[in-house]
Amino acid sequence: MIYADNLKKNFGNIEVLKGITEHIAKGEVVAVIGPSGSGKSTFLRCLNLLEEPTSGKIIIDGDEITRKGADINTLRQKMGMVFQQFNLFPHLTVMDNITLAPIRLKKLTVSQAQERAYSLLKRVGLLEKAGSYPIQLSGGQKQRIAIARSLAMSPEIMLFDEPTSALDPEMVGEVLDVMKSLATEGMTMVVVTHEMGFAADAADRVVFMDDGLIAETGTPHQIFQNPQNCRTQSFLSKVR
Amino acid sequence: MNNFLVRINEILIGGNRYKLLLSGLGVTVQVTFFSAIIGVFLGLILALMKLGDKSKGILRFPYIFASAFIDVIRGTPSVVQLLIIYHIVFRQVKGMPAVFIAIIAFSINSSAYVAEIFRGGILAVDYGQTEAGTSLGLSKFQTMRYIVIPQALKNAFPSLANEFIVLMKETAIVGYIALQDLTKAGDFIISRTYNAFIPLITVAIIYFTIIKILTKLFNAFEGRLRKSDLR
């Protein structure tokens, strides 16, 4: 479903991604772990072209999105993204946050969009917050709304960029629960995370990145119980 | 005290001179109001041009144009701009009402300041908002229109209100192109009555009162804009 071929990204003279080749299958839940500065977030942001790769190809559903003239906006409708800092729209109510894109992109009528928003709010357990503004919500609630907002576009792929890193510890669980339920429903997910527990429990596969490259990939069991790469071993010994 | 009231009566009511002040106020309000509306519209366009592409070939043109325009307008006195538009630009055009010319001059003048206010307001919106908008599949334009600009307006509103007030007082120079605004009307009454104190203080009080009312209205409106900031 997602295929990255020798993906490279430079910021000025700094080479952040040094050639990533990776295939993510439909319905697969991939956790991307690794030390700070290893290029995890940059890799994720390249997948929906929030960062433009310096070279290499990304192919989504057989469609090369890195070619010139590719319809990026339509592609992004198929890929939801959840940010570390939530990025809810502060001037809109929760309901309007969720319905803005489906209505403006004419995917749904106003009443369909609202109906869908209610069912998504119910799903993330925040039905009573439809009329609230983002500032009235806790961090965990904001992130659950952000997930609902992405899901409103009925994406085929969800990208998560450290979704729990900005949360107070007691709020991490509520967000991870929503993500786990998505995972069990067969959503294709790429999750950059520091939550080793989530990677171990919910991911089908773990990708360990270091210094702009994928150092090792395997099932959670392989990576956490029996890492082969010495950098994976040293990273895991520090985070556990 | 009685004497003073008699003087006021003589100077302002006598010869129906208060009517001069009222029609002058009408001119002041007209020029301010229309210049402000056109200025905000042009200013937003200039701000977007200035925030546009700065890097590549022909696409840089809007940025260069807007920057140069803002530079020139901010770098020259508004009186000089008004006189240039009156004496040079519209020299050949017969029968162009002076009010129009004043509105054109002040629209252009105000747009430069408004552009910088908007630019600041837009830059103050976190870039994550743009990323969130585009990641949902909204186009750049839709993201600007529905996500960034509404927040930028809220950021910019206090400065915009200030610009409106500055603009109103700035229009006191339209006497230079023989337009009888509030200030010019006061001036005219001095020349007729040889009394400066009463007409000038009256004019000052009228400006102050209008601006005081406007400030109240702006504050009330700002409160409504801030609705989403309240817990």
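Reply: First, the classes: Ala, Val, Leu, Ile, Met, Phe, Trp, Tyr, Cys and Pro count as nonpolar, Asp, Glu, Lys and Arg as charged, and the others, Gly among them, as polar. By that scheme, the lining of the largest cavity has four nonpolar, no polar and four charged residues. This is a predicted model, where local features need pLDDT of at least 70 and side-chain atom pairs pLDDT 80 or more, while totals for chains, interfaces and linings use all residues. Residues are numbered from 1 along each chain as its sequence is written, chains are lettered from A in the order written, and side-chain values use heavy atoms, without hydrogens and water.

Me: Which residues line the largest cavity?

Reply: The lining is A:Asp63, A:Glu64, A:Ile65, A:Arg67, A:Ala70, A:Asp71, A:Ile72 and A:Leu75. A cavity here is a set of points on a 1 Å grid over the protein atoms alone where a 1.4 Å probe fits but cannot get out, and lining residues have an atom within 4 Å of a point.

Me: How much space lies in the largest cavity?

Reply: About 30 Å³, taken as the space filled by probe spheres set on the points, which are joined across faces, edges and corners.

Me: OK, rings. How many aromatic pairs are there over all chains?

Reply: Eight. Rings of Phe, Tyr and Trp (its six-membered ring) pair if their centres lie within 6.5 Å; planes under 30 degrees apart are stacked, over 60 edge-to-face and the rest tilted. B:Phe33 and B:Phe34 have centres 5.5 Å apart and planes at 80°, so they are edge-to-face.

Me: What about B:Phe164 and B:Phe218?

Reply: Edge-to-face, with 5.7 Å between centres and 85° between planes. B:Phe164 lies in helix α7 (residues 140-170) of chain B and B:Phe218 in helix α9 (residues 197-225) of chain B, so the pair ties together parts 54 residues apart in sequence. Helices are DSSP runs (H or I, at least four residues), as are strands (E, at least two), numbered from the N terminus.

Me: Is B:Phe164 buried or exposed?

Reply: Buried, at 18% relative accessibility, and B:Phe218 is buried too, at 17%. The cut-offs are under 20% for buried, over 50% for exposed and partly exposed in between (1.4 Å probe, protein chains only).

Me: Switching to chain A, where is A:Thr164?

Reply: In the loop between β7 (157-161) and α6 (169-184) of chain A. A:Thr164 counts as buried at 5% relative accessibility.

Notes: On a 1 Å grid over the protein atoms alone, a cavity is a set of points where a 1.4 Å probe fits but cannot get out, and a pocket is an open set with protein on both sides within 12 Å along at least five of seven lines; lining residues have an atom within 4 Å of a point.
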